[in-house]
Amino acid sequence: MATGLDVKLLRMLAAIDRHGTLTRAAGVLGITQSALSHHIKESERRMAVEIFHRVGKRLRFTAIGEELLQAARVVTGEIDRVEGDLALFREGYGPIVRLGSGAYGCEAWLPDFIAGLGRRETRFAIEILHTGLVFPPVNAVIDGQIDIAISGGEIADRRVRRLKLFEDELVAVLPARHRLAKRDYLEPTDFREEVQLSYSAVTEKGFEDERFFRPARAMPKRWLRAGDVAMILAMVRRGLGVSILSRWAVAPHIAAGGLVMKPLGRDRINTDWQVVIRAGEPKESPADQAATLLAEWWRRRRPAA
């Protein structure tokens with residue numbers, strides 16, 4: 001059934017969302033503001049819906065407008081990705097698989113995986129993108145900003161499928177001379193007087209907030225988001241706080257001295273790390289092949305512990 005929805009409208013909505021005003025969006029799209037307004041009004045007429053409503057001088061998306069915006073993000077992201085791939089094809093390159101590297105400092109081992117791909121007959125190349133600290137990598141996969149992502153913790157979203165890479169222990173990281181450094185393991189209450197240095201600015205399922213602190217109803221004195229493993233460890237060494245990270249991300253830095261790792265609780269806490277791909281990604285597509293090869297590579301290689 002015809003609805004009046006078109007890709008041009010979706011591009012316009014994405015531009016308005018990204019740039020904030022009709023004037024800025026029109027400039028980026030290379031059209032006049034009146035032409036942009038006219039197309040939106042005509043689309044609203046054809047679809048018999050209201051996309052925006054005004055709050056003072058600002059435009060706000062209506063409920064159906066928000067739904068259209070979510071579609072716009074996915075569709076325009078996919079179009080941009082395909083257009084980029086077409087440009088690369090014209091320059092003699094194969095398909096590009098965009099891999100989100102939001103998992104601590106996984107950039108340190110990704111080159112080993114990519115070098116291994118170079119020795120195989122693959123029909124694609126890997127581009128590594130950082131998904132940012134506020135936007136979870138799984139969301140970036142769903143929205144089409146990246147094709148696959150490396151992510152830890154629990155993922156139950158049916159819009160993605162996951163291939164397990166490995167399981168690893170969450171550990172507390174302390175200065176070597178910290179008052180808790182000689183403990184066999186730490187409990188949530190041990191952190192009540194501590195500044196907790198966190199990698200991510202969002203709470204993700206399967207990590208310390210959900211599985212360690214909240215069940216005990218005990219929280220650190222203060223949380224600080226550092227967003228970089230090297231920065232977190234440097235701050236811990238200087239006594240500016242403590243942290244909880246996956247053992248594989250911390251272990252390579254322990255030999256340098258000044259830090260100790262401690263288990264969380266008597267029974268310890270492990271979490272899964274996985275490569276995530278969109279649920280609807282066709283089998284044998286470049287993204288599917290890259291995810292499968294990465295999972296196979298990890299079965300042959302275990303992170304330093």
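Within α9 itself, Arg247, Trp248, Ala249, Val250 and Ala251 are buried.

## Overall composition and confidence

The structure is a predicted model. Its protein chain contains 10 helices and 11 strands. Of the chain's 305 residues, 46% count as buried. When contacts between residues at least 6 apart in sequence are considered, 74% join residues at least 24 apart.

The mean pLDDT of the protein chain is 84, and 87% of its residues reach 70 or more. Confidence is lowest in strand β4 (residues 125-129), where the mean is 78. Confidence is highest in β10, at 95.

In soluble globular proteins, nonpolar side chains tend to be buried together. In this model, the largest nonpolar core comprises 39 residues, and Ile148, Phe191 and Leu294 have the most contacts inside it. The element that gives the most to this core is helix α10 (residues 286-300), which supplies 8 residues. A second, separate core consists of 19 residues, including Met12, Leu13, Ala14 and Leu69.

What surrounds leucine 294? Apart from its neighbours within four places in sequence, leucine 294 is in contact with Leu99, Trp109, Phe113, Ile150, Leu165 and Val275.

Two packed helices are described by the angle between their axes and the distance between the axes. For helix α1 (residues 7-19) and helix α2 (residues 22-29), the angle is about 125° and the axes are 8 Å apart. That angle makes α1 oblique to α2, and their crossing is right-handed. On the α1 side, the residues that meet α2 are Arg11, Met12, Ala15, Ile16 and His19. Their counterparts in α2 are Leu22, Arg24, Ala25, Val28 and Leu29.

Helix α1 also packs with helix α3 (residues 33-47), at an angle of about 125° and with the axes 11 Å apart. Helices α1 and α3 are therefore oblique to each other, and the crossing of this pair is left-handed. The contact involves Lys8, Leu9, Met12 and Ile16 of α1, together with Leu36, His39, Ile40, Ser43 and Met47 of α3.

## Packing of helices α5 and α10

The axes of α5 and α10 come within 11 Å and cross at roughly 115°. That makes α5 roughly perpendicular to α10. The crossing of these two helices is right-handed. Asp112, Phe113 and Leu117 in α5 meet Ala290, Leu293, Leu294 and Trp297 in α10.

With a relative accessibility of 44%, proline 111 counts as partly exposed. Proline 111 and isoleucine 128 are 17 residues apart in sequence, and their C-alpha atoms are 9.7 Å apart in space.

Aspartate 288 is located in helix α10. Is aspartate 288 buried or exposed? Its relative accessible area is 4%, so aspartate 288 is buried. Leaving aside neighbours within four places in sequence, aspartate 288 is in contact with Arg161, Ile277, Glu281, Pro282 and Lys283.

Glutamine 289 likewise lies in helix α10. The relative accessibility of glutamine 289 is 18%, and this residue therefore counts as buried. Setting aside neighbours within four places in sequence, the contacts of glutamine 289 are with Arg123, Phe124 and Glu284.

Arginine 58 is part of strand β2 (residues 58-61). Its relative accessible area is 56%, so arginine 58 is exposed. Arginine 58 and glycine 20 are separated by 38 residues in sequence and by 8.9 Å in space, from C-alpha to C-alpha.

Notes:
Residues numbered from 1 in each chain as written. Predicted model: local features only at pLDDT ≥ 70, side-chain atom pairs only at ≥ 80, totals over all residues. Heavy atoms only, no water. Core = buried A, V, L, I, M, F, W, Y, C linked by side-chain atoms within 4.5 Å. Buried < 20%, exposed > 50% of the residue type's maximum accessible area, 1.4 Å probe, protein only. Helix = DSSP H or I, 4+ residues; strand = E, 2+ residues; numbered from the N terminus. Contact = heavy atoms within 4.5 Å. pLDDT = per-residue confidence, 0-100. Axes fitted to C-alpha atoms, helices over the stretch in contact; angles between N-to-C directions. Parallel < 35°, antiparallel > 145°, perpendicular 65-115°, else oblique. Left-handed = near helix turned anticlockwise from the far one by under 90°.
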